[in-house]
Amino acid sequence: MAYTIVLTACPNKESAETLAKLLVTEHLAACVQRMPVESTYIWNGEAVNGSEIVLFIKTRADLFERISARIRAHHEYELPEIIQIPITNGLSGYLRWVDDCTS
């Protein structure tokens with residue numbers, strides 16, 4: 001089984017909590033961690049600074065497309081960040097827990 005972390009950034013705490021709970025209760029993620037960050041990025045040709053909440057979504061790699069679809073369906077951003085980072089190794093008991101939670 002292959003595992004992954006999916007990253008996305010939400011505009012506020014409320015939307016981040018809602019999306020995290022949705023992914024966990026639908027068994028698409030075993031765990032979603034939320035971290036406040038300050039971002040600087042280009043949007044519509046302008047440099048923008050803003051506060052965001054980054055979600056670290058721990059899951060199985062085969063669920064990426066379903067997670068991506070759920071994020072796009074529930075995200076407030078016109079173009080949400082959705083990035084998949086492979087997990088190349090991990091504690092076997094933790095990865096079994098990911099399997100159990102996403103099955």
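The model is a predicted one, in which local features need pLDDT of at least 70 and side-chain atom pairs count only at pLDDT 80 or more, while totals for chains, interfaces and linings use all residues. Residues are numbered from 1 along each chain as its sequence is written, and side-chain values use heavy atoms, with hydrogens and water left out.

Ser-39 belongs to strand 2 (residues 31-43); strands (E, at least two residues) and helices (H or I, at least four) are DSSP runs numbered from the N terminus. The relative accessible area of Ser-39 is 16%, so the residue counts as buried. Buried means under 20% relative accessible area, exposed over 50%, and partly exposed in between (1.4 Å probe, protein chains only). The side chains of Ser-39 and Glu-52 are also joined by a polar contact of 2.5 Å. Such a contact is a pair of N or O atoms within 3.5 Å; within protein, one must be able to donate a hydrogen and the other to accept it, and residues adjacent in sequence count only if both atoms are side-chain atoms.

Side chains of opposite charge can pair when their charged atoms come close. A salt bridge is a side-chain nitrogen of Lys or Arg within 4 Å of a carboxyl oxygen of Asp or Glu, and the model has three salt bridges by this rule.

| Salt bridge | N to O distance |
|---|---|
| Glu-17 and Lys-13 | 3.9 Å |
| Arg-70 and Glu-26 | 2.6 Å |
| Asp-62 and Arg-60 | 2.9 Å |

Glu-17 and Lys-13 are four residues apart in helix 1 (residues 13-25), about one turn of the helix. Glu-17 is partly exposed at 33% relative accessibility, whereas Lys-13 is exposed at 51%. The salt bridge of Arg-70 with Glu-26 ties together parts that are 44 residues apart in sequence, because Arg-70 lies in helix 2 (residues 64-74) and Glu-26 in the loop between helix 1 and strand 2. In the remaining pair, Arg-60 is buried, with a relative accessible area of 10%.

In helix 3 (residues 92-101), the buried residues are Leu-95, Val-98 and Asp-99. These residues lie on the same side of helix 3, because they cover an arc of only 100 degrees around the axis, taken from the directions from the helix axis to the C-beta atoms. They pack against strand 1 (3-10) and strand 3 (46-60). The face turned away from this buried side carries the exposed residues Arg-96 and Asp-100.

Terms used. Contact = heavy atoms within 4.5 Å.
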